[in-house]
Amino acid sequence: MKAIAHPNIALVKYWGKRDAALVLPFQSSVSMTLAPLAVTAEVTFGVSDDSVEVNGERDVGARSERILSFVDLLRAETTVELGRVRVQTWSDVPIGAG
């Protein structure tokens, strides 16, 4: 399974509600999408062990643990046997920018 998303940069950020009952924003958000820049994620099932790769390199830190914890939640909630997974991501923008 593969997904592609384009980064979105907020120029004016949403800052709470001016009317909670009507769910009206205090200030509208204005943003722009930075296509053709993209972040691509691919998940491969049925591999020998769980792994995470970021921009072609194996990731073993907190980010990898967070991703694999989410995969564990999916395993617990589905009746389909997911097996082991490899999660690969590639980004045209610096990770954590914005």
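Trainee: Which element gives the largest share of the lining of the largest pocket?

Mentor: In this predicted model, the largest share of that lining, three residues, comes from strand 9. The pocket itself has a volume of about 280 Å³, and among the 13 residues that line it, the closest to its centre are Val 39, Ala 41, Arg 63, Ile 67 and Thr 89. Besides strand 9 (85–91), the elements that give two or more residues to the lining are strand 1 (2–5), strand 6 (39–45), strand 7 (51–54) and helix 1 (62–77).

Trainee: What is the lining of the largest pocket by class?

Mentor: The lining has nine nonpolar, three polar and one charged residues.

Trainee: What makes strand 1 and strand 8 the edge strands?

Mentor: The open sheet of five strands has the order 1-6-9-7-8, with mixed pairing, and strand 1 and strand 8 (57–58) each pair on one side only. Helix 1 packs on this sheet, touching strand 7 and strand 9, and the direction of helix 1 makes about 135° with that of strand 7.

Trainee: Why is Asp 59 called buried?

Mentor: Asp 59 lies in the loop between strand 8 and helix 1. The term buried is kept for values under 20% relative accessible area, and because Asp 59 has a relative accessibility of 11%, the residue counts as buried. Leaving aside neighbours within four places in sequence, Asp 59 is in contact with Val 52, Glu 53, Val 54 and Ser 64.

Trainee: And how do you know whether Ser 51 is buried or exposed?

Mentor: Ser 51, which is found in strand 7, is judged in the same way, with under 20% counting as buried and over 50% as exposed. Its relative accessible area is 8%, and therefore Ser 51 is buried.

Trainee: Which residues is Ser 51 in contact with, leaving aside its neighbours within four places in sequence?

Mentor: With those neighbours left out, Ser 51 is in contact with Arg 58, Leu 68, Val 85, Arg 86 and Val 87.

Terms used. Residues are numbered from 1 along each chain as its sequence is written. This is a predicted model: local features need pLDDT of at least 70, side-chain atom pairs count only at pLDDT 80 or more; totals for chains, interfaces and linings use all residues. Side-chain values use heavy atoms; hydrogens and water are left out. On a 1 Å grid over the protein atoms alone, a cavity is a set of points where a 1.4 Å probe fits but cannot get out, and a pocket is an open set with protein on both sides within 12 Å along at least five of seven lines; lining residues have an atom within 4 Å of a point. Grid points are joined across faces, edges and corners, and a volume is the space filled by probe spheres set on the points. Helices (H or I, at least four residues) and strands (E, at least two) are DSSP runs, numbered from the N terminus. Ala, Val, Leu, Ile, Met, Phe, Trp, Tyr, Cys and Pro count as nonpolar, Asp, Glu, Lys and Arg as charged, and the others, Gly among them, as polar. Two strands pair if DSSP finds at least two bridges between them. Contact means heavy atoms within 4.5 Å. Axes are lines fitted to C-alpha atoms, for helices over the stretch in contact, and angles run from 0 to 180 degrees between N-to-C directions. Buried means under 20% relative accessible area, exposed over 50%, partly exposed in between (1.4 Å probe, protein chains only).
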